[in-house]
Structures are given as C-alpha cells and as structure tokens.
Amino acid sequence: MELLVVIVITCILLVIAVPSINGIIEATEKKACEESRLQLERIYETHLVTEDIDHSETFFQDFKSNRIDGEICPEKGEIRYIENEVVCSVHHDHDGPEENDNGEVPYL
Ligand SMILES: [Zn+2]
C-alpha cells in the first residue's frame, strides 16, 4: 500500500514536472538562438559597412559558416538575413500580429 502511494505521488510529480522542464529547455534554446543571431547580426552588419559590401543571401551564408562555429540555433533552424535582421525559421522573436495567425496566445 505504501509503495503504491509512493508510485502514485511520483507519477503526479512527473506529470507536473516534465512539461515545465520542457518549457525551460525550449525557453533556453530560444534564448541561445536569439543571442547567437544578435551577435551574428552585429558582426555581419559591421563587416558589410567596413568592407563596403552589399548584402546577398549567398554572401551571408558564407559569412555565417566562416565566422560561427557550430549551429546558431540549437533546434537547427534555418538562419537567414531578412530586412536587416538575422532570423531563424524555428524561433521568432517578433510578437507582431503576423506571428499569431493560428489565433493562439503564446507563452501560456
Ligand atoms: Zn532558432
């Protein structure tokens, strides 16, 4: 009987804990992705200005793989430079209305 109680309590704790751990991991990965993208954006824009180069997608992809070791995005999102911003295909840091097209409120 006591063992059963322990098992039941453990299960309840797991049910509560696992989603919040996943949430923490997701938030951490999103944050890491954002930081890497901001860093890349800064060095890339500085490079464009100092070398007097116009942005092109090919040049950006070369620059990215030459300057950054490993993945920018922990979720392996596709990294691109669009409208003066480094963006990730997995993580969106804009809370504009176009991101909420599924009608869900994020972060709840
Ligand atoms: Zn990402």
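Helices (DSSP runs of H or I, at least four residues) and strands (DSSP runs of E, at least two residues) are numbered here from the N terminus. Residues are numbered from 1 along each chain as its sequence is written. The structure is a predicted model, in which local features need pLDDT of at least 70 and side-chain atom pairs count only at pLDDT 80 or more, while totals for chains, interfaces and linings use all residues.

On this basis the chain holds two helices and two strands, and, read along the sequence, these elements follow the pattern α-α-β-β. Buried residues account for 7% of the 108 residues in the chain, where a residue is termed buried if 20 or more other C-beta atoms lie within 10 Å of its own, exposed if 12 or fewer do, and partly exposed in between, the C-beta atoms being placed from the backbone. Two residues are taken to be in contact if their C-beta atoms, again placed from the backbone, lie within 7 Å. Of the contacts in the chain between residues at least 6 apart in sequence, 53% join residues at least 24 apart.

Helix 1 comprises residues 2-51. The buried residues of helix 1 are Cys-33, Arg-37 and Tyr-44, and what covers them includes helix 2, strand 1 (79-82) and strand 2. Helix 1 is followed by Asp-52, whose phi is positive, near 55 degrees.

The packing of the two helices was examined next. In general, two packed helices are described by the angle between their axes and the distance between the axes. The axes of helix 1 and helix 2 (residues 57-67) come within 11 Å and cross at roughly 120 degrees, with axes defined as lines fitted to C-alpha atoms, for helices over the stretch in contact, and with angles running from 0 to 180 degrees between N-to-C directions. Helix 1 and helix 2 are therefore oblique to each other, given that angles under 35 degrees count as roughly parallel, over 145 as roughly antiparallel, 65 to 115 as roughly perpendicular and the rest as oblique. The contact is made by Leu-40, Ile-43, Tyr-44 and His-47 on the side of helix 1 and by Phe-60, Phe-63, Lys-64 and Arg-67 on the side of helix 2. These residues divide into five nonpolar, one polar and two charged, with Ala, Val, Leu, Ile, Met, Phe, Trp, Tyr, Cys and Pro counted as nonpolar, Asp, Glu, Lys and Arg as charged, and the others, Gly among them, as polar.

Tyr-44, a residue of helix 1, is buried, with 20 other C-beta atoms within 10 Å. When residues up to four places away in sequence are not counted, Tyr-44 touches Phe-60, Phe-63 and Tyr-81. The C-alpha atoms of Tyr-44 and His-55, which are 11 residues apart along the chain, are separated by 9.2 Å.

A further buried position is Cys-88, in strand 2, which has 20 other C-beta atoms within 10 Å. Leaving aside residues up to four places away in sequence, Cys-88 touches Cys-33, Arg-37, Cys-73, Gly-77 and Ile-79. Cys-88 and Arg-37 are 51 residues apart in sequence, and their C-alpha atoms are 8.0 Å apart in space.

In the segment after strand 2 (85-88), His-92 is partly exposed, with 14 other C-beta atoms within 10 Å; His-92 and Cys-33 are 59 residues apart in sequence and 9.8 Å apart in space, C-alpha to C-alpha. Ser-89, likewise placed in the segment after strand 2, counts as exposed with 12 C-beta neighbours inside 10 Å, and touches Gly-77 and Glu-78 when residues up to four places away in sequence are not counted.

The loop between strand 1 and strand 2 contains Glu-83, which is not a glycine and has a positive phi of about 50 degrees. Asn-84, also in the loop between strand 1 and strand 2, has a positive phi near 65 degrees. Glu-83 is exposed, with 5 other C-beta atoms within 10 Å, and Asn-84 is exposed with 10.
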